[in-house]
Every structure is written in structure tokens, then in C-alpha cells.
Amino acid sequence: MAQTPIKIIVVGAGPAGLLLGILLSKQGISVTLIDGADGLDNRPRATHYGPPAVHELHRAGVAEDVLAAGFTPNKMCWRKLDGTYLTGLDNDVIKNNPDRVACLPLDQLGHILAKHLARQPTAEVKWAHKVTGLGQDDGKAWVAVSTPAGDVRMEADYIVGCDGANSQIRRSLHGDLNFPGKTWEQQIVATNVYYPGFDAHGYEDANFIIHPEHWHMASRITKDGMWRVSYGEKGGFTHDELRARQPMKFAKMLPGNPQPEEYKLANFSPYRVHQRLAEKMRVGRFLLAADAAHLCNPFGGLGLTGGIVDVGGLSDCLYGIWSGQAGPEILDVYDTVRRAKYTDMIDPISSENLERMTHDADTILEPGRDAFLTLCLRAEKDVEFAKTMALGINELQYDFTQHYTSKK
Ligand SMILES: Cc1cc2nc3c(=O)[nH]c(=O)nc-3n(C[C@H](O)[C@H](O)[C@H](O)COP(=O)(O)OP(=O)(O)OC[C@H]3O[C@@H](n4cnc5c(N)ncnc54)[C@H](O)[C@@H]3O)c2cc1C
């Protein structure tokens with residue numbers, strides 16, 4: 001099988017870019033990651049990775065380290081504001097499945113990925129290299145990069161934009177303001193907190209609280225007892241106003257109605273949230289993956305989960321080209337399939353996850369009100385159905401090797 005010695009540049013050394021770098025370099029493909037920041041991003045963002053993402057972490061050989069640092073959450077449930085349990089899904093029904101949901105804060109995941117990438121001889125990471133523009137012709141693609149030593153042009157056979165929500169690659173390809181979709185009117189405040197009251201009140205590892213005003217999610221996110229509390233606020237508040245409201249929100253929302261001296265707040269980060277999908281995830285020799293290509297609200301953990309599945313599929317496509325088993329047209333299949341997975345699954349499921357939390361908890365279990373919670377009620381009585389539900393999100397996966405034109 002003739003090899004085409006292609007070189008890949010990945011723009012962005014966030015979790016998606018690092019994982020793509022590992023998957024490619026482990027096959028012997030030469031890959032350079034360039035990132036405008038000085039090092040890993042430590043903001044409190046993703047914590048939970050669904051089964052199709054954990055599958056890719058296994059393929060990259062990093063899952064063992066991720067699970068050793070993190071843990072497997074037990075149950076996800078929905079509650080009223082007063083803590084009354086409504087229904088839930090038990091992760092233990094698939095306890096023998098190696099791909100079941102994993103939990104680890106994103107900053108820790110990034111360090112594990114960077115450590116694994118550093119072991120690969122065909123991979124390199126260049127920090128403080130910010131992409132400012134791009135171009136391509138029949139033979140190659142290039143990016144204009146601002147570095148501490150001055151401006152340079154870097155060339156490759158393919159360039160992948162894993163450069164996050166404000167992707168320069170996406171903006172250069174499709175236009176600065178062209179990222180179709182919507183921004184939610186509500187904003188989300190993501191906090192990390194130590195509060196023993198969750199355990200004292202019998203909270204599960206993941207709890208979605210349904211209430212028109214004080215809707216929120218409370219999830220255990222570390223083995224040492226840190227929790228993520230993410231809650232909705234109206235769109236108009238400034239950062240300072242949100243900060244001032246936080247003690248009132250916790251007193252209204254959390255079990256036991258705690259005052260600030262009863263918990264330790266470790267992080268406070270407001271976010272605007274979006275549902276958006278790029279017009280194309282392939283333009284010639286440029287590809288987009290993860291947040292650079294699509295965004296969703298964080299409820300249900302589909303953002304990076306979907307991004308990781310992109311990256312796994314893209315690595316198969318690029319490996320197919322590199323190993324002579326596929327032509328460049330496989331990248332069009334990547335574009336079509338990954339965009340459809342966003343439109344058909346990630347966007348509607350994540351949107352419903354957020355909207356469900358804003359409803360009236362007293363009536364939400366009435367017949368015909370919420371199809372998903374009705375299925376959860378059924379799963380609580382039917383283990384086989386519960387297993388099917390727990391793995392339903394695996395529909396995000398797609399085997400691109402079926403499009404290899406000649407197989408090794
Ligand atoms: C509160 C919150 C909770 C979340 N929870 C979950 C969850 O539980 N599960 C889940 O799956 N998802 C979750 N998400 C989503 C998840 O965090 C993102 O999908 C994920 O971080 C995106 O990773 P990425 O690698 O695509 O982009 P990023 O992590 O944004 O990385 C992009 C990288 O590109 C670099 N870069 C940017 N511009 C340039 C440039 N011009 N040149 C060079 N480099 C550049 C940046 O420095 C950065 O390192 C959550 C998000 C939020 C906000």
C-alpha cells in the first residue's frame with residue numbers, strides 16, 4: 001500500500017486538538033499543533049464525557065489515565081427545587097461497559113492529553129503561535145502565524161481548525177459573522193464548589209433541578225468532593241451583578257439553603273451559550289472540528305463529547321489518505337456526516353436538556369409533557385431498556401473506514 005507522506009497542522013491545542021494530535025501521531029503521521037496561548041486553558045468548562053467520547057479516549061490510549069484521575073458517575077436524575085426526586089438514569093446498568101460516562105474537569109484532561117502527545121516523536125506543539133490568516137492552492141494549505149520571533153507562514157497538506165468557539169480558521173473560511181444558529185437569551189453561571197450538603201441530602205452524582213427561575217444542575221466532579229453547580233440567569237446582568245447575586249441563588253437553589261460560610265466557592269464563571277453549526281466542516285485542505293465547527297449549551301455534556309467524536313472520525317479519514325486507502329473525497333463525507341450528527345442529535349438533544357429544566361416540575365411527569373422523562377420512568381422499571389438508553393448517544397459515532405476505497 002503506497003503511503004502519501006502528508007503533513008498536518010492542527011490549529012488549537014485545546015482538548016480536541018491535543019486528542020487529534022495523539023490519534024494522528026500514534027499512526028506515524030507528522031503533526032504540528034500551534035496555539036496562540038502560552039499554555040493549557042484552565043477555565044472551568046467540560047467535566048463529563050459520554051460513551052462515544054470515552055470510546056475515542058480508549059482508542060487514543062489515554063482512557064486509563066483519565067479514569068484514574070477522574071471517576072465514573074453513578075446516576076443522573078431530575079428533581080424539583082425542594083429536592084423531590086422525579087426520575088433518573090442509572091449509569092450502573094452498563095457497569096461492565098468500558099465506554100460508560102467518565103467525569104474529569106477539562107483542565108486535568110488537557111494535562112493528560114498533553115503528556116501523552118509529548119511522547120510521540122512525530123508530534124510537536126508550538127505555544128504562543130497565533131493564526132491570523134490562511135490560504136491554499138492545489139498543492140498545499142498555509143496559515144499566517146504571529147509568533148514571539150515575528151510573523152511566519154506555516155504550510156501543510158491539511159490544516160485542521162480546532163481553535164475553539166471564536167475559531168480564526170472558521171472566520172477566515174466562512175466570514176467573521178457567519179456562524180449560523182442562535183445565542184440563548186439566558187446566560188449560564190458555572191461554579192465549582194465544595195458543599196457537604198449535597199451528600200447530606202442524598203444527592204446523586206448528577207442532578208438536574210427543574211424550576212422556571214432557579215433551574216440548575218449540580219454534579220460531583222472530583223473524587224475529593226468538588227461539585228459543579230451551573231445555573232441559569234437572565235441575559236441582561238453584568239458580571240458584577242451576577243457575582244453579587246450568587247449567594248442569593250445558592251441559598252434558593254442548593255439543598256439545605258446554605259449561607260456562604262457553609263460552602264467553599266472555588267470558581268465562578270458566567271458564559272453566554274449558543275447553538276451554532278459552521279456552514280461547512282471542509283473547505284478544500286481546511287477542516288473544522290469540535291467547538292470551531294459547532295457549539296451547544298453544556299447541559300448533558302454534548303459539547304466536547306461531540307467534538308471528540310469529530311476528532312476520532314477525522315483521524316480515520318486523514319489516516320486513510322496518509323496510508324493510501326482513501327482519497328481526499330473522504331473529507332467530504334466527514335463534512336456531511338458530522339454536520340448531520342450535530343443537526344439531528346446534538347442540537348435538538350442539548351436544546352431539550354436546557355428547556356426541560358425551565359419547566360414546571362409539578363406537571364412535567366404528566367403524560368404527554370416530556371417524552372424523554374417518560375422514557376426515564378420506563379427505564380427505572382426495565383433494565384434492558386435502561387441499557388439501551390444509556391448507550392443511545394453512541395449514535396453519534398460513525399465508521400469512516402467504510403469509505404476506504406482499498407483496504408490494507
Ligand atoms: C460551563 C461549561 C461546561 C461544559 N461542560 C461540558 C461537559 O460536561 N461535557 C462536554 O462534552 N462539553 C462540555 N462543555 C463544552 C466544552 O468545554 C467544549 O466543547 C470544549 O472545551 C471545546 O474544546 P476545543 O478543543 O474545541 O476548544 P477549546 O477548548 O476552546 O480550545 C481551543 C484552543 O485554540 C486556541 N486558539 C484559539 N484561537 C487561536 C488562534 N487564532 N491561533 C492559534 N490558536 C488558537 C486556544 O488558545 C485554545 O487552546 C462545557 C462548556 C462550558 C462553557
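A: Let's start with classes: Ala, Val, Leu, Ile, Met, Phe, Trp, Tyr, Cys and Pro count as nonpolar, Asp, Glu, Lys and Arg as charged, and the others, Gly among them, as polar. This is a predicted model, in which local features need pLDDT of at least 70 and side-chain atom pairs pLDDT 80 or more, while totals for chains, interfaces and linings use all residues. Residues are numbered from 1 along each chain as its sequence is written, and side-chain values use heavy atoms, without hydrogens and water.

Q: How do the residues of the shell around the ligand divide into these classes?

A: The shell holds 14 nonpolar, eleven polar and six charged residues. Of the 31 residues around the ligand (a heavy atom within 4 Å), Asp35, Arg45, His48, Asp291 and Thr305 come nearest.

Q: Which helix gives the most to the shell around the ligand?

A: Helices (H or I, at least four residues) and strands (E, at least two) are DSSP runs, numbered from the N terminus. H8 gives the most, with three residues. Helix H1 (15-25), strand S8 (130-136) and helix H8 (303-322) each supply at least two.

Q: What is the order of the six strands in the open sheet?

A: Strands of a sheet pair through backbone hydrogen bonds, either parallel or antiparallel. Here the order is S7-S2-S1-S11-S18-S17, with mixed pairing (at least two DSSP bridges per pair). Strand S7 (123-126) and strand S17 (282-283) stand at the edges with a single partner each, so one side of each lacks a neighbour in the sheet. S7 pairs in the parallel sense with strand S2 (residues 30-34) over four bridges, and Thr32 stands opposite Glu124 in S7. H1 packs on this sheet, touching strand S1 (7-11), S2, S7 and strand S11 (158-161) (heavy atoms within 4.5 Å). The direction of H1 makes about 165° with that of S2 (N-to-C axes fitted to C-alpha atoms, for helices over the stretch in contact, on a 0 to 180 degrees scale).

Q: In what sense do S4 and S5 pair?

A: Strand S4 (residues 75-80) and strand S5 (residues 85-90) pair in the antiparallel sense over five bridges, with Arg79 opposite Tyr85. They form a hairpin with four residues between them, where Gly83 in the turn has a positive phi of about 95°.
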